[in-house]
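Subject: Structure handover

Hi,

Here is the structure I promised to pass on. Please open it first, then read my notes below.

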Amino acid sequence: MNSCDKCGNLNIIIKKKQSGQKLCKDCFIKSIQKKVLKDIRKYDLLEKGDHVLLGLSGGKDSVMLLDILNSLKERNIIDLTAVTIDEGICGYREEGIEIAARNAKKLGVEHRVVTFNEYFGMTLDDIISKNNVKEGRRNACTYCGVFRRWIFNRVARDEGATRIATGHNLDDETQSIVMNYLEGNIQNLTRIGVKSETRSNRFTVKIKPLREIPEKEIALYVVARELDVHFAGCPYAGESFRAEVGNFIKELSNEHPTIMYSTLRGFDKIKPILKREFSQESIVGVCENCGEPTAARLCKACTFFKDWEDE
Amino acid sequence: MKIKLIIGEKEELIEISENKTVKNLLDIIDIASETVVVKKNDYIVIDEELIEDGDLIEVIQVIYGG
Ligand code: SF4
Ligand SMILES: [Zn+2]
Ligand SMILES: [Zn+2]
């Protein structure tokens with residue numbers, strides 16, 4: 001007979017493949033909250049008085065993180081502002097923005113929506129159709145990621161935020177590790193971690209409190225907590241190499257349920273060595289064009305714009 | 001036996017044989033169990049939960065790409 005390992009309740013909602021642990025709804029919710037708060041302390045992600053800027057897409061990861069960070073806000077440990085970035089992905093992003101706004105409002109968390117259009121004069125859809133012929137759609141996530149990071153950093157400075165929190169989960173993080181390794185992208189590997197290091201006071205420290213929570217458990221959490229979540233896929237997602245790697249790891253996980261944890265743990269062990277040997281982050285200046293921090297003359301976002309002008 | 005199956009907006013009555021688990025049902029309708037959360041009569045259940053006559057089964061798609 002299946003019953004909750006903690007309280008004996010017969011209505012269990014999870015039987016963890018990796019450990020065999022069985023939990024009822026209440027004990028599962030509590031155990032996840034405890035784990036995230038524990039990781040925040042363990043990795044020193046937040047300090048009392050921090051002003052946290054949360055990237056709130058309305059998807060399950062960010063809505064769960066809002067739920068947990070709000071408990072710290074309610075205890076007056078941190079200040080919290082949620083920001084939703086509207087990349088301009090027609091037919092997909094609109095609903096996420098509405099859901100994000102509803103969640104923030106329900107908790108009384110300050111919420112801003114900022115758009116690619118207001119900062120760059122074009123939407124992600126514009127960018128993709130512009131580049132359709134030359135590079136194809138494969139690069140949507142590359143542009144999206146670069147421009148999104150640029151905006152986060154800018155908004156964080158405007159808001160005087162001391163931390164940028166994102167909802168990256170265990171699956172995301174494992175994908176990044178394997179993908180960058182397979183591509184030989186060692187520079188990118190040196191930047192993967194639970195907390196970014198301050199290279200420039202113009203960069204706000206980024207934290208990933210859900211980095212050790214599997215995507216499936218995040219999904220279960222939001223359903224169990226009955227949170228209002230945008231369950232939908234980005235139309236550009238399936239076309240990326242990241243998605244291919246993600247599917248491959250998920251498939252492996254079916255037979256080897258601890259594979260994501262071991263990938264993460266192993267990576268975290270070799271990371272200090274990678275950083276020591278390969279990191280080029282010591283010389284940080286500012287972009288000639290926009291003033292954002294960069295090691296080159298132009299930041300990545302401005303480099304893309306320059307390439308398009310040159311065409 | 002008959003059960004009511006809800007997937008997203010779609011709701012239907014379907015016929016399945018006795019002694020099927022949630023996992024068996026997901027295999028029959030060709031949905032990967034890693035991508036969904038399943039509720040039986042409004043309670044979240046695990047893959048090995050047995051389905052009985054007249055049950056209301058709701059399949060919530062929770063994992064997409066991106
Ligand atoms: S899947 Fe790619 S294009 Fe879509 S929101 Fe995510 S990073 Fe942007
Ligand atoms: Zn319990
Ligand atoms: Zn720039």
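The site of the zinc ion (ligand 2) is tetrahedral, with angles of 103 to 115 degrees among its 4 donor atoms. Four donors count as tetrahedral if all angles lie between 85 and 135 degrees. Donors are N, O and S atoms within 2.8 Å of the metal (3.2 Å for Na, K and Ca); water is not among the atoms, so sites may look incomplete. Here the donors are the SG atoms of Cys4(A), Cys7(A), Cys24(A) and Cys27(A), at 2.3 Å. Their spacing in sequence is C-x2-C-x16-C-x2-C. Cys4(A) sits in the segment before strand S1 (12-15) of chain A, and Cys24(A) is in strand S2 (residues 22-24) of chain A, so this pair ties together parts 20 residues apart in sequence. Helices (H or I, at least four residues) and strands (E, at least two) are DSSP runs, numbered from the N terminus.

A word on the basis. This is a predicted model: local features need pLDDT of at least 70, side-chain atom pairs count only at pLDDT 80 or more, and totals for chains, interfaces and linings use all residues. Residues are numbered from 1 along each chain as its sequence is written, chains are lettered from A and ligands numbered from 1 in the order in which they are written, and side-chain values use heavy atoms, with hydrogens and water left out.

Next, the zinc ion (ligand 3). Its protein donors are the SG atoms of Cys287(A), Cys290(A), Cys299(A) and Cys302(A), 2.2 to 2.3 Å away. The angles among the 4 donor atoms are 105 to 116 degrees, which makes this arrangement tetrahedral. The sequence spacing is C-x2-C-x8-C-x2-C. Cys290(A) is in the loop between strand S8 (285-286) and strand S9 (293-294) of chain A, and Cys302(A) is in helix H12 (residues 300-310) of chain A, so the pair links parts 12 residues apart in sequence.

Now salt bridges (a side-chain nitrogen of Lys or Arg within 4 Å of a carboxyl oxygen of Asp or Glu). In one of them, Arg157(A) pairs with Glu292(A), with the closest N and O atoms 2.9 Å apart. Arg157(A) lies in helix H6 (residues 140-159) of chain A and Glu292(A) in the loop between S8 and S9 of chain A, so the pair ties together parts 135 residues apart in sequence.

Last, the interface. Contact (heavy atoms within 4.5 Å) involves 16 residues from chain B and 19 residues from chain A. Between chain B and chain A there is 1 salt bridge. Lys15(A) and Glu48(B) form a salt bridge through their side chains (3.2 Å, N to O).

Best wishes

Definitions and conventions:
Four donors count as tetrahedral if all angles lie between 85 and 135 degrees; four count as square planar and six as octahedral if opposite donors are over 155 degrees apart and all others between 65 and 115; anything else is irregular.
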